[in-house]
Amino acid sequence: MLASVYAPKDFKRLHVVGDLVARCFDHISDHIRAGISTGEIDSMVADFLKANGAKSSDLGYMGYPKNICTSVNDVIVHGIPRDDVILKDGDIVNVDLTAEYKGFHGDASRMFMIGNVSNRARELVQTCHDALNAAISICGPGVPLSEIGKTIEQVVKPHGFSISRDFVGHGIGKVMHDEPQIYHFYDKRWDKVKMVPGLVFTIEPMINTGSAECKIDADGWTARTVDGGLSAQWEHTIGITEDGAIIFTEAMN
Ligand code: MF3
Ligand code: CO
Ligand code: CO
């Protein structure tokens, strides 16, 4: 069940690819503003990865056609970048990037707010970020995997947002998607499964202003809220150490 347990030397590689993912975000961040298309963001990422000897883990994965996922407003996950999806004032967009470098994968996503965003949208984005950070902070050896979802619920529920149940975090390392699955809501089945040093996985909560119910577009990928409510997501790849957890997908000093 805990397939993605890695040795210290592998942690070094995971730091390197995670750093690359973080630097790619820093490279594109200033360009993510009103008037840019999600297709252009995809191209910028592709160029950055190529220049750094890395590649997108998404491209070609189960036939996925692009390098990143760009999920705008009511899109929960897996929005496909397009030249005719142009970001405009008031939009919120998630950019999700998984890269492979020297055989290891790093997976992270961030939210971007375009121009003047409504207060509720801003609260959604902030609450999701807080939920991810709170979940990371409780991770460590001996902690049940169910504590992740429990912690996310504690942060999100007071705001009245719903938590998506259709998509999960995942073990990661030499492959992009591995066991264990990481639930973003409390599920008692995970009470008995405890984190161990070396375990590497993502946490990637998706929360919504309305119902969490989701539907998939005709493209077979784009998942959006049924009621048209806004959706936000943040993601990091983390590793369990002897005394806690480290975030791989942050820039190294
Ligand atoms: N990065 C996504 C995740 O968090 C995976 C995207 S798979 C794709 O797991 F095929 F849609 F790109
Ligand atoms: Co991701
Ligand atoms: Co992921």
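Student: Which protein residues are the donors of the cobalt ion (ligand 3)?

Tutor: Keep in mind that this is a predicted model. The protein donors are Asp 107 through OD, His 170 through NE2, and Glu 204 and Glu 235 through OE. They lie 2.0 to 2.2 Å from the cobalt ion (ligand 3).

Student: Why is the arrangement of the six donor atoms called irregular?

Tutor: Because the angles they subtend around the cobalt ion (ligand 3) run from 51 to 160 degrees. Octahedral would need opposite donors over 155 degrees apart and all others between 65 and 115.

Student: OK, and how far apart are ligand 3 and the cobalt ion that is ligand 2?

Tutor: The two cobalt ions are 3.3 Å apart, and Asp 107 coordinates both. Asp 107 sits in strand 5 (residues 104-113), while Glu 235 is in the loop between strand 13 (231-233) and strand 14 (236-240), so this pair ties together parts that are 128 residues apart in sequence.

Student: What's the donor spacing along the chain?

Tutor: For the cobalt ion (ligand 3), the pattern is D-x62-H-x33-E-x30-E.

Student: Are Asp 107 and Glu 235 buried or exposed?

Tutor: Asp 107 is buried, at 3% relative accessible area. Glu 235 counts as buried too, at 1%.

Student: Switching topic: how do strand 7 and strand 8 run?

Tutor: Strand 7 (residues 169-171) and strand 8 (residues 178-182) run antiparallel, with three bridges joining them. Gly 171 stands opposite Asp 178 in strand 8.

Note on methods:
Residues are numbered from 1 along each chain as its sequence is written. Chains are lettered from A and ligands numbered from 1 in the order in which they are written. This is a predicted model: local features need pLDDT of at least 70, side-chain atom pairs count only at pLDDT 80 or more; totals for chains, interfaces and linings use all residues. Side-chain values use heavy atoms; hydrogens and water are left out. Donors are N, O and S atoms within 2.8 Å of the metal (3.2 Å for Na, K and Ca); water is not among the atoms, so sites may look incomplete. Four donors count as tetrahedral if all angles lie between 85 and 135 degrees; four count as square planar and six as octahedral if opposite donors are over 155 degrees apart and all others between 65 and 115; anything else is irregular. Helices (H or I, at least four residues) and strands (E, at least two) are DSSP runs, numbered from the N terminus. Buried means under 20% relative accessible area, exposed over 50%, partly exposed in between (1.4 Å probe, protein chains only). Two strands pair if DSSP finds at least two bridges between them.
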